Amino acid sequence: MRTTTKGISLIQGFESLRTRAYRCPAGFWTIGYGHTLGVKAGDYIDIDKAAQLLAEDLREFEAVVNRECPGVNQNQFDALVSFVFNVGTEQFQRSTLLKKVKANACDPAIRKEFMKWTKAGGIELAGLVRRRKAEADLYFS
């Protein structure tokens with residue numbers, strides 16, 4: 001599966017386009033739509049490069065969700081790609097969220113698992129609360 005426009009819009013809406021490198025709340029240098037690989041202070045990109053980086057980043061996270069969650073529907077897939085994009089592959093693979101999806105992708109308790117991931121640096125962030133709610137809502141739509 002590939003991420004649909006709905007999933008990409010969700011990610012872009014929460015990541016926001018930044019053409020200059022900045023430190024995200026978790027402390028990582030970030031640019032474009034949440035791209036972190038190889039980013040350093042002073043980096044600058046244009047909108048086309050940001051779209052290219054997002055497309056490249058999505059392939060990695062799509063591969064993880066395709067491998068770990070075969071059989072999920074498109075909305076579930078898009079929500080999970082957004083989640084993995086934000087928390088990272090290693091965190092996702094160790095998560096109870098993944099365990100519950102694998103056991104029963106329709107388990108209503110999955111909504112609570114999304115909501116466990118609302119902190120950065122030990123502090124709950126309103127933006128992450130909104131993102132997890134949006135991901136859970138998409139997952140169950």
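1. Buried means under 20% relative accessible area, exposed over 50% and partly exposed in between, with a 1.4 Å probe and protein chains only. The model is predicted: local features need pLDDT of at least 70, side-chain atom pairs count only at pLDDT 80 or more, and totals for chains, interfaces and linings use all residues. Residues are numbered from 1 along each chain as its sequence is written, and side-chain values use heavy atoms, with hydrogens and water left out.

2. Ser82 is buried, with a relative accessible area of 0%. Ser82 sits in helix 3; helices here are DSSP runs of H or I with at least four residues, strands are runs of E with at least two, and both are numbered from the N terminus. Neighbours within four places in sequence aside, Ser82 is in contact (heavy atoms within 4.5 Å) with Leu10, Ile11, Arg131 and Glu135.

3. Helix 2 covers residues 47–68, 22 residues in total. From first C-alpha to last, helix 2 reaches 32 Å, close to the 32 Å expected at 1.5 Å a residue, where the expected span is 1.5 Å times one less than the number of residues.

4. The buried residues of helix 2 include Leu53, Leu54, Asp57, Leu58, Phe61 and Glu62. An α-helix has 3.6 residues a turn, so residues three or four places apart point the same way. Among the elements covering the buried residues of helix 2 are helix 1 (5–15), strand 2 (29–32) and helix 3 (74–87).
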